[in-house]
Amino acid sequence: MAVSDTNSHEIPAGHFSRLLKHWRSVRRLTQIELAADANVSARHLCFLETGRSQPSREMVQLLGSALDLPLEERNALHVAAGFVPPYGDKGLAADNLQPVRQALDFILRQQEPYPGIVIDGHWDVRIRNQASARLLKPFRDAYEMENGLADNAMHVVFHPKGLAAVHAELGRVRAAVDPDPAPRRGAGQPGRGAIAR
């Protein structure tokens with residue numbers, strides 16, 4: 001069974017049936033298996049997938065649970081069905097996540113003097129330690145990217161105006177720093193002699 005490459009965030013509101021079918025395919029479930037897991041009739045599930053029937057808020061919640069969707073995807077399922085998303089996204093600022101935030105802060109402090117970052121599922125940098133801020137500040141100041149992109153680890157590394165520009169120029173940087181590529185005495189030891197190639 002081929003799984004669709006559709007991202008749930010690309011499915012507009014009002015397209016619950018397409019999103020439900022997408023997630024059922026991703027989870028590799030038949031309609032009968034999902035109906036049994038959700039404790040609903042297979043006929044009703046078929047009607048929901050074909051758009052012949054509209055789900056209630058409770059049905060959306062039940063199907064999201066049966067499909068074992070993350071909260072963000074359950075929100076997308078609610079929006080596609082025409083409901084307000086039930087799960088807010090306060091991130092690490094949520095009251096119930098304060099112990100998690102404290103633990104992450106502690107771990108990052110213990111990494112000093114080495115850089116450390118905490119990223120979310122979208123590669124957005126949520127927390128960084130002081131070493132990371134110091135190390136990446138010169139690069140961040142030189143970025144010609146919007147702040148939203150500059151806070152995403154993947155964009156920072158692979159965007160042509162991010163670290164990829166530095167990496168592409170690595171050969172020229174080496175030549176500027178060490179114009180004489182001839183090996184020197186002690187070149188095999190870290191911190192001495194020619195730049196490692």
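A quick word on how to read the numbers. Residues are numbered from 1 along each chain as its sequence is written, and side-chain values use heavy atoms, with hydrogens and water left out. Because this is a predicted model, local features need pLDDT of at least 70 and side-chain atom pairs count only at pLDDT 80 or more, while totals for chains, interfaces and linings use all residues.

Now for the overall layout. The protein has eleven helices and two strands, where helices (H or I, at least four residues) and strands (E, at least two) are DSSP runs numbered from the N terminus. Along the sequence, the pattern reads α-α-α-α-α-α-β-β-α-α-α-α-α. Out of 197 residues, 27% count as buried. Take the contacts (heavy atoms within 4.5 Å) between residues at least 6 apart in sequence: 35% of these join residues at least 24 apart.

Next comes a pair of helices. Two packed helices are described by the angle between their axes and the distance between the axes. Helix H1 (residues 16-26) packs against helix H3 (residues 42-50) at an angle of about 120°, and their axes are 6 Å apart. Here the axes are lines fitted to C-alpha atoms, for helices over the stretch in contact, and angles run from 0 to 180 degrees between N-to-C directions. H1 and H3 are therefore oblique to each other; angles under 35 degrees count as roughly parallel, over 145 as roughly antiparallel, 65 to 115 as roughly perpendicular, and the rest as oblique. On the H1 side, the contact is made by Phe-16, Ser-17, Leu-20, Lys-21 and Arg-24, and H3 brings in Leu-45, Leu-48, Glu-49 and Thr-50. Sorted by class, that gives four nonpolar, two polar and three charged residues. For the classes, Ala, Val, Leu, Ile, Met, Phe, Trp, Tyr, Cys and Pro count as nonpolar, Asp, Glu, Lys and Arg as charged, and the others, Gly among them, as polar.

Phe-16 of helix H1 deserves a look of its own. At 3% relative accessibility, Phe-16 counts as buried. Setting aside neighbours within four places in sequence, Phe-16 is in contact with Leu-48, Pro-55, Val-60, Leu-63, Leu-77, Ala-80 and Ala-81. Ala-81 is 65 residues away from Phe-16 along the chain, yet their C-alpha atoms are separated by 4.9 Å. Leu-48 also turns up beside Ser-53, which touches His-44, Phe-47 and Leu-48 when residues up to four places away in sequence are not counted. Ser-53 belongs to the loop between H3 and H4 and is buried, with a relative accessible area of 17%.

What about H5? Seven of its ten residues are buried, so H5 is largely enclosed by the rest of the structure. Those buried residues are Glu-73, Arg-74, Asn-75, Ala-76, Leu-77, His-78 and Ala-80, and what covers them includes H1 and H4. Just after H5, Gly-82 takes a positive phi of about 95°.

A few spots in the backbone stand out. Most residues other than glycine have a negative phi, and most peptide bonds are trans. Asn-39 is not a glycine but has a positive phi of about 60°. Asn-39 lies in the loop between helix H2 (31-38) and H3 and is exposed, with a relative accessible area of 70%. Further along, Glu-112 and Pro-113 are joined by a cis peptide bond with omega of about 10°. Pro-113 lies in the loop between helix H6 (98-111) and strand E1 (117-119).

How values were computed:
Buried < 20%, exposed > 50% of the residue type's maximum accessible area, 1.4 Å probe, protein only.
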